[in-house]
Amino acid sequence: MNRRPLIWFAICFVGGSAAAAGFSSRGVLLAVVAGALLWAAAVLCRLASWQLAAACALAVGLAAGQRLWADARNVTELPALLAAAEADGPRAEYAAEAVGTIISAVEVDGDRVMFRVAADRVHVEGEAAARVVRERLVVHVRLAVQPEQAIAAAWQRGDRVRLAGELTRPASASNSGGFDYRRYLSSQRIHWLLKVQGTAAVEAAAGPKWTAAALLGRVDNARDYLGARMDRLYPSAQSGYMKGLVLGIREDLDPEQFQQFSRLGLTHILAISGLHVAVFLYALGGLLRFARMSRERILLMLMLSVPLYVLLAGASPSVIRAGLMSVLGLLAARLGKLKDGTHLLAAAAVLMLIYDPFIIENVSFQLSFIVTIGLIVGVQPVRKAMPKWGKGKPLLDLFAVTLVAQLVSFPVTIYYFNQFHILSMAANFVLVPFISFIVMPLGAVALLLAIPWEPGGKLLAYVSHYANDWTFTLVDHLSRVDTLRTIWATPPIWWVAAWLALLGALFRVINLWSDNRADQFDETALDLELTKPLGIVTTYELAKAGNKKLSPCLYVLAFFLLVMLFYAYKPDLLGKQASVSFIDVGQGDAIHIRTSGGKHVLIDGGGTLSYRKPGEEWRERSDPFEVGRKVLVPLLMKRGVQEIDILVISHLDSDHIRGLKAVLDTIPVRSIWWNGTVKESEDAKQLLKQAISLRIPMYSVRAGMKHQLDKNTELNILWPVGDTSAPEQVVALEEQNESSVVMTVQLYQSTFLFSGDINSETEISIIRNEQKKRPLISEQNPVSIMKVAHHGSRFSTSEGWLAYWKPIGAVASVGATNSYGHPNPEVLSRLTAIGAAVWRTDIDGDVRFTVTDQGLFTYMKK
C-alpha cells in the first residue's frame with residue numbers, strides 16, 4: 001500500500017465523491033466513519049503507514065465535502081417560481097422573458113432548435129421587474145416555417161440572446177427505472193426549460209469576442225466546417241458514421257446503424273477515447289520527428305496539441321480523461337518522472353472530479369475509467385498466462401486486451417444498457433483494430449488532405465468506402481443473430497462492485513500463478529532433461545508439472561464469478577410474486593404482467609402519434625421520439641424481460657401498437673393474441689408483416705377462450721364474440737375500438753380486467769354474455785383492478801359496467817397533455833361513487849401492483 005500513495009488517495013477521493021452522490025448526509029458520515037475504521041485497522045495490522053491513512057481519510061473528507069457543498073449550491077435562483085411549480089404540478093408553464101448568453105452548440109433538427117443559455121436576467125410575467133440571476137436554461141425553439149431553419153442556423157455559442165417563451169420544470173421519471181430528465185439536467189446545474197415558439201421570439205446578437213463561450217463557439221464553427229468537409233468526402237450512408245469516428249460528432253449517426261453497433265457492444269468505437277488520442281499523438285509525433293525536432297520540443301508540441309484535439313473531438317468525458325492522461329504523461333516524460341499508467345489515471349480522475357463533482361454520475365466517465373484501469377491491471381496477467389506463440393504474439397496480445405475489456409465493461413454494460421451479445425468479443429476482436437488502425441486514420445488523413453486539395457482527399461476517402469461497406473455488412477449480419485443476444489435485468493450496485501472486486505482478485509491470482517509457473521518450468525525442465533533424451537521434453541509436460549501446485553483460489557474465484565453471473569441473469573428465479581404494471585406511455589396503453597412462474601405478458605405497446613401534413617416533411621427530426629424505442633423497450637429490459645410469452649394486441653389503433661415495432665425488434669415474442677382483423681393503416685400493416693416475417697404464432701381470440709399460463713395464472717377472453725371451435729377468416733376493419741380484446745387475468749386470488757377501447761354499448765353486450773354463464777349478478781366476484789376503458793372516455797365505463805364488476809380500484813392510462821379531455825370528469829365521478837380507488841398514469845406515473853398468495857399490494861412511482 002505504502003508504495004502507491006497517489007493511487008490510494010485517488011481511490012479514496014473517488015469513493016468519498018461516490019458516497020456523497022449516492023447517500024444522504026447521514027449516510028456519508030457513516031461511510032466516512034467506516035472508512036476511517038478500516039484504515040485504522042490497516043495501520044494497526046501494519047498494512048499502511050499512518051501518513052497514508054491520514055491522507056486517504058483527508059481524500060474521503062475533501063471529496064465528500066466538495067460534493068455536498070456542490071449539491072447545496074445546485075439550486076435555482078427562482079425559488080418563488082419553483083414553489084409555484086410544485087404547487088401547480090409538474091406540467092405547469094409560466095410566461096417569461098430571459099436575457100443571457102448561448103453556452104452550447106446550437107442544434108437545428110427538423111422543426112426544433114435546442115441550445116443552452118446562461119441567463120443573467122429573467123422576468124416572469126406578473127412580477128414587477130426582471131430578476132438578476134445566474135440561471136442556466138435549456139431552450140427549445142419550435143420552428144413555425146421552414147425558412148426559420150436558416151435563421152436558427154446562424155445562431156452560435158457566445159451570442160447574446162433575448163428569449164420570450166414559457167418556463168417549465170424538466171420532466172422527472174414517470175416510470176420506475178425510467179430515464180429521469182430532471183435529475184440529468186440537475187447534474188449539469190440546470191433546473192428550467194424555456195419553450196419558445198418561432199424565431200420571432202428570439203433576438204440574437206454577437207456577444208463579446210474573448211469570452212470562454214465565444215472561443216468555444218469558434219471551435220464549434222471549426223467542427224461544423226470539418227463535418228461539412230466530411231459530408232463531401234463520403235456518401236450520406238457513411239458520412240454520419242465517419243464524423244462520429246473521426247470528429248466525435250454523433251448527431252448525424254443513423255439511429256438504426258447506432259442500434260446495431262450498440263447490440264454488439266461497439267459504440268465505444270464511435271466515442272473519441274484513449275485509442276483515438278494515442279493514434280493522433282503517434283501520427284503527430286511521427287511528423288515532428290520527420291521535421292527533425294528535438295525530443296523536448298516534440299513533447300512540448302504534443303502537450304500543447306492535446307487540448308486542441310480534445311476540443312475538436314467534442315470534449316466528452318472519455319476524451320477529456322484520455323487528454324488529461326496524455327498531457328500528464330508527456331509532462332512526466334519531459335521531466336523524467338514517468339512511472340506507469342495507473343498513476344496518470346489516478347491523477348486524471350481526481351482532477352476531473354475537482355473540476356466537476358457531478359461528472360461521477362456520467363456513464364461515459366464511469367466506463368472510461370473502469371475499462372482503462374481494468375486494461376492496466378488485467379492485460380499483463382492474462383497475457384502472461386497465455387502461450388508465447390512467436391509470430392502469433394500480436395494476435396494473442398489483441399485477444400488478451402479484448403478479453404479483459406469485455407470482462408471489465410460487462411457489469412457496467414448490463415447495468416446501464418441491459419443487453420450483452422455473445423458475439424461482442426468476436427466483433428471487437430475483428431473490428432476494433434480494423435477500424436482504429438485502418439478506417440479512422442484513412443478518414444482523418446483524407447479530411448486533412450481535402451482542406452487544401454479536395455480531389456486528393458476524395459481519392460483517399462474512396463478507399464475507405466469499401467472498408468465501411470464491409471464493416472456495415474459484418475455488423476448487420478452479426479447483430480441479427482438474435483439467439484446470441486442476451487437481456488439482463490439491472491443488477492444492484494453491490495453486484496457491480498463485487499464483480500469488479502472479484503475480477504481484480506482473479507487478475508492478481510493469475511499473475512501470481514503465472515510467476516510461480518515460470519519458476520517451476522525452469523526447475524522442471526532441468527529435471528526432465530536429466531531423465532529424458534534431448535529434445536523429448538515437451539511444453540505439455542512442463543505445463544503439467546507447473547500446474548501441480550495450482551492454487552485453488554483460481555477455482556474458487558471462477559466459481560464465485562459464475563454464481564454471480566447466474567444470479568444476474570435470473571435474479572427472480574425463486575421469486576413467487578406476480579406483478580402488473582400500467583406503464584406511462586403517454587396517450588396510449590402498455591401493460592406488463594409478470595406471473596408467479598416467471599412468464600411475461602404484454603398488453604399493447606403505446607404509440608407516438610404524428611400529425612404531419614403534406615409539405616411538412618422538413619419538420620421530421622433525425623431521431624424522432626418513439627415511445628416503444630425510447631420508453632417501453634428500455635423499461636422492459638431493465639426489469640429483466642428476456643422474452644414475452646404472450647403479446648396481446650387489444651386492437652390495431654396506432655396509440656396501442658406503434659410502440660410494438662421496437663418490442664418485436666428487440667425482445668423475442670413467443671405468441672401474439674389479437675382480435676383477428678386487419679386495418680388499412682401503415683402502422684397496422686407494418687406490425688402484422690413484421691410478426692409474420694419473424695414467424696411468431698398469431699392467434700385470433702374469441703370470447704369464452706381460457707388459458708392457464710401457469711399454476712397461479714389464468715387468462716379469460718370476454719370479447720370479441722365468435723365461434724371458438726372453428727378458425728375464422730381475417731377481416732378488414734377500420735373502426736377497431738368496439739372489437740378490442742377484453743380479458744381478465746387472474747393472479748392468485750386477484751383478478752384484473754383489461755377492456756381496450758370499448759364503449760358502453762359493447763360493455764352491455766359483454767355483461768349479457770357473462771350473465772348467460774352466471775345468471776345471478778350476485779355470483780360475480782368483484783375484480784381487484786380495472787383498466788378504465790378507452791382512456792377514460794365519457795362514452796365508456798358506464799354505471800352498469802361498474803355495478804357488474806364492482807372494481808376495488810381502477811387505472812386510467814392517459815397522456816398528460818392529451819387534447820381529448822381524458823379521463824372525463826363524469827367517468828371519474830362514477831368511479832368515485834362506487835368507492836373505487838383511482839390511479840392515473842399522467843399524474844401517478846407507472847402504477848404497479850404486486851400480487852402474492854397473501855393479497856394485492858400497490859406501488860406507485862410518485
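Predicted model: local features only at pLDDT ≥ 70, side-chain atom pairs only at ≥ 80, totals over all residues.
Started with Trp 494: I get a relative accessible area of 49%, so I have Trp 494 down as partly exposed.

My search of the whole structure turned up 29 aromatic pairs. Trp 494 and Tyr 567 make one that is tilted, with 5.8 Å centre to centre and 35° between the planes. Trp 494 sits in helix H18 (residues 493-531) and Tyr 567 in helix H20 (residues 553-569), so this pair ties together parts 73 residues apart in sequence.

Next I checked Phe 752 and Phe 754. Their pair is stacked, 6.4 Å between centres and 10° between the planes. I find both Phe 752 and Phe 754 buried.

I also noted one aromatic cluster, formed by Phe 410, Phe 420, Trp 488, Trp 495, Trp 499 and Tyr 569.

Then charges over rings. Arg 218 has its charged end over the ring of Trp 210, 4.7 Å from the centre. For Arg 169 the ring is that of Trp 192, with the charged end 5.9 Å from its centre.

Last, the largest nonpolar core, which has 32 residues; Tyr 241, Met 242, Leu 245, Val 246 and Leu 266 touch the most other members. Helices H7 (212-233), H8 (236-247), H16 (424-450) and H17 (454-479) each supply at least two of its residues. H16 gives the largest share of this core, nine residues.

Methods: Residues numbered from 1 in each chain as written. Heavy atoms only, no water. Core = buried A, V, L, I, M, F, W, Y, C linked by side-chain atoms within 4.5 Å. Buried < 20%, exposed > 50% of the residue type's maximum accessible area, 1.4 Å probe, protein only. Helix = DSSP H or I, 4+ residues; strand = E, 2+ residues; numbered from the N terminus. Phe/Tyr/Trp six-rings, centres within 6.5 Å; stacked < 30°, edge-to-face > 60°. Lys NZ or Arg CZ within 6 Å of the ring centre and 35° of its normal.
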